[in-house]
Structure formats: C-alpha cells, structure tokens
Amino acid sequence: MSSRKIIIDTDPGQDDAVAILLALASPELEVLGLTAVAGNVPLELTARNARIICELAGRADLPVYAGCDRPIKRDLFTAEKVHGKSGLDGIELPVPAMALQDQHAVDFIIETLRREPPGTVTLCPLGPLTNIATALTQAPDIAERIDQVVLMGGAYFEVGNSTPTAEFNIYVDPDAAKIVFGAGLDLTVLPLDVTHKALTSPERNAAFAAIGTPVGKAVAAWTGFFERFDKEKYGSPGAPLHDPCVIAYLLRHDLFSGRRVNVEIETESALTLGMTVADWWGVTDRPPNALFIGDLNAQGYYDLLTERLARL
Ligand code: BDR
Ligand code: CA
C-alpha cells in the first residue's frame, strides 16, 4: 500500500507535538515536511519546537521550514498560559542540532504542490491558517492540486476557548481562515466540538508513560503539563488533546463522525471575531464547504495513540 503524502503546518504546542509524533509513527502517512507558523508561541519557538520533536522521533532528516511570523492583518495573539513559555513546557528536551531549511514555508508548500501529481498531497494545519492562506493567495493554482485539507480549528456547539465565540487557531488569524474556508477545497474540520470529547485521564496518561521510551515519557509529561490549565478552566476530569485528532482522522475515519455543512468565518464583528458559523441544521441556502466533525470514539482514539507512539 502506498502511503499518503502530507504536509503538517504547525505551531507546537504540546498537542501539535503529539500529532506530529503520531504521523511519524504511522506508515500509512509520508510526511513531506513540517511548516512552522506563529501561534501558540512566536515563530522562532514554533520552528525550534518542530525540530525538537523531529529529533525526539529520530527523524532529524525531516525538513522543517519557518513560515509566517504574524497573522495576515493583525497582531499575533499567543497562548503561553496554556502551553508555557517555550510552547513545549513539561519536560526539558535538548536544543535541536538539526538545521532549519532556508526556504520559506509558504514557498515549500507552493513548490511541493506544483511538483507532486495533482490530488496527491494533503495539508494538515494544526495552528493558525496564515501559511496556508498566504500560499493560496500567492499561488491560486495550487487550490485544485491539493488532495484534502484536514485541520484542527473552530467550534460551534462548544463555542470558544479564546473568546466566548472563537477557537484559538481561527481567532488568531480569522482573515486567513476566511481565505481557506472560501477556497473551494475538500475541507475537513476537527473543531472543539470533537476535541473536547478527546479528554486525557489518569489511565490514558499512565498508558503513555508505560510505553517507557523517551517518546512515551515526553508525551506523558506534556499531557500532565497542559492538563493542569484545562482541568481548572473547564472543570473537566481531563484535558482535550486537540491536534492529534487531525492525524487520527486520516488514519481511522471510522473513529469520527460529522456532517457536511456550510461554515463561514466572522472577520468583522469585535464581539464574535473568529467565530466559525456552522450551519449545522441547514437553515440557510449557503452551500456546504466543509465536513465538520462532531463526535469521536475517544477510547479508540487514545488506544490508537498509545499503540502508534510505542513504535517510535
Ligand atoms: C488549538 O489551539 C492551540 O493552543 C492548540 O495547539 C490547538 O491547535 C486548540 O484550540
Ligand atoms: Ca496547534
């Protein structure tokens, strides 16, 4: 079976890290490169963290590109209070020795999509959509060459985690999100509606720790770190492990369910900036533009994660 080619666009982040490790552990996927974007922490740190994760996985050969250091039209809003100052707080890992690529992430995305046969590369954004939107704006011809975009972002029934109505990745760069959601792509969205059902628990964290490898230990330490913030915020028994849902969806569609609906991005209102207005009940005549995922088999998701991470 030939593997599916993906580019992971990311702002690591502990949950981004777990998503990247899941992809690198999975032979069904060929990761062509990691493209870093400013988000959870500034670009310098997300580009550094992406390389730390590659080295942890024994993949210093994987190209890592730095992309946009700020949203298209707005100041950068970061999330150190969730992810810590480094973005990967929870465990001390070595400063990466592998180099960052010279090429800009946006140029890498464009060049790769133009080089590979049409419909063979899937984009997996795990952070604000600045790099992807910039690539689509600079090279509109790539839109029809993308296989799928499967992203973590947005919220509807679960409303917001950064404002009362907006999820972090969309809130940081709503103008970029508007471009991506309006580009006529084959788009799958993993919003808070589903990721807030993918909660850590003492048993699930213990399963990561029991892997016993450097990867298992790091994942257990990371989940232990960001869990503290989320449990207090939501009053929930665990914390949502958001971004790996994107990779798990590629590996195991059967664990997830959702609806094809219209999703529009609010970019004007000060009150609801960055809201993903999903027409879940089909009450408008706006055409569907996304598969909006709403539910998952949470234990199946954690079993998949544990089984795959043990391979690294
Ligand atoms: C998203 O925001 C970030 O903090 C996480 O890495 C995830 O991508 C969840 O809202
Ligand atoms: Ca992220």
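Predicted model: local features only at pLDDT ≥ 70, side-chain atom pairs only at ≥ 80, totals over all residues.
Me: OK, which residues are the protein donors of the calcium ion?
Reply: For the calcium ion (ligand 2) they are Asp11 (OD), Asp16 (OD), Asp16 (OD), Leu126 (O) and Asp243 (OD), at 2.3 to 2.6 Å. Donors here are N, O and S atoms within 2.8 Å of the metal, or 3.2 Å for Na, K and Ca, and water is not among the atoms, so sites may look incomplete.

Me: How are those donors spaced along the chain?
Reply: The spacing reads D-x4-D-x109-L-x116-D. Asp16 lies in helix 1 and Asp243 in the loop between helix 10 and helix 11 (244-251), so this pair ties together parts that are 227 residues apart in sequence; helices (H or I, at least four residues) and strands (E, at least two) are DSSP runs, numbered from the N terminus.

Me: Are Asp16 and Asp243 buried or exposed?
Reply: Asp16 is buried, with a relative accessibility of 0%, and Asp243 is buried too, with 2%. Buried means under 20% relative accessible area, exposed over 50%, and partly exposed in between, using a 1.4 Å probe and protein chains only.

Me: Switching to ligand 1, which residues come nearest?
Reply: Of the 13 residues around ligand 1, Asp15, Asn40, His83, Glu167 and Asp243 come nearest, where a residue is near if one of its heavy atoms lies within 4 Å.

Me: What are the polar distances for His83 and Glu167?
Reply: A polar side-chain atom of His83 is 2.8 Å from an oxygen atom of ligand 1, and one of Glu167 is 2.4 Å from an oxygen atom of ligand 1. For Asn169, a side-chain N or O atom is 3.0 Å from a ligand 1 oxygen atom.

Me: How many salt bridges are there?
Reply: The count comes to 13, a salt bridge being a side-chain nitrogen of Lys or Arg within 4 Å of a carboxyl oxygen of Asp or Glu. Glu28, Glu307, Arg308 and Arg311 are linked in a network of them.

Me: What does Lys73 pair with?
Reply: Lys73 meets Asp175 in a salt bridge, at 4.0 Å from N to O. Lys73 lies in the loop between strand 3 and helix 3 (80-83) and Asp175 in helix 7 (residues 174-181), so the pair ties together parts that are 102 residues apart in sequence. Lys73 is exposed at 62% relative accessible area, whereas Asp175 is buried at 8%.

Me: And Arg252, what is its partner?
Reply: Arg252 forms a salt bridge with Asp254, with the closest N and O atoms 2.8 Å apart; Arg252 is partly exposed at 31% relative accessibility, and Asp254 is exposed at 56%.

Me: Last one, how many residues of helix 2 are buried?
Reply: Ten of its 14 residues are buried, among them Leu43, Ile52 and Leu56. Those buried residues pack against strand 1 (4-10), helix 1 (14-24), strand 2 (29-36), strand 3 (64-66) and helix 10 (214-234), with contact meaning heavy atoms within 4.5 Å.

Technical notes:
Residues numbered from 1 in each chain as written. Chains lettered and ligands numbered in written order. Heavy atoms only, no water. Polar contact = N/O pair within 3.5 Å; in protein donor to acceptor, adjacent residues only side chain to side chain.
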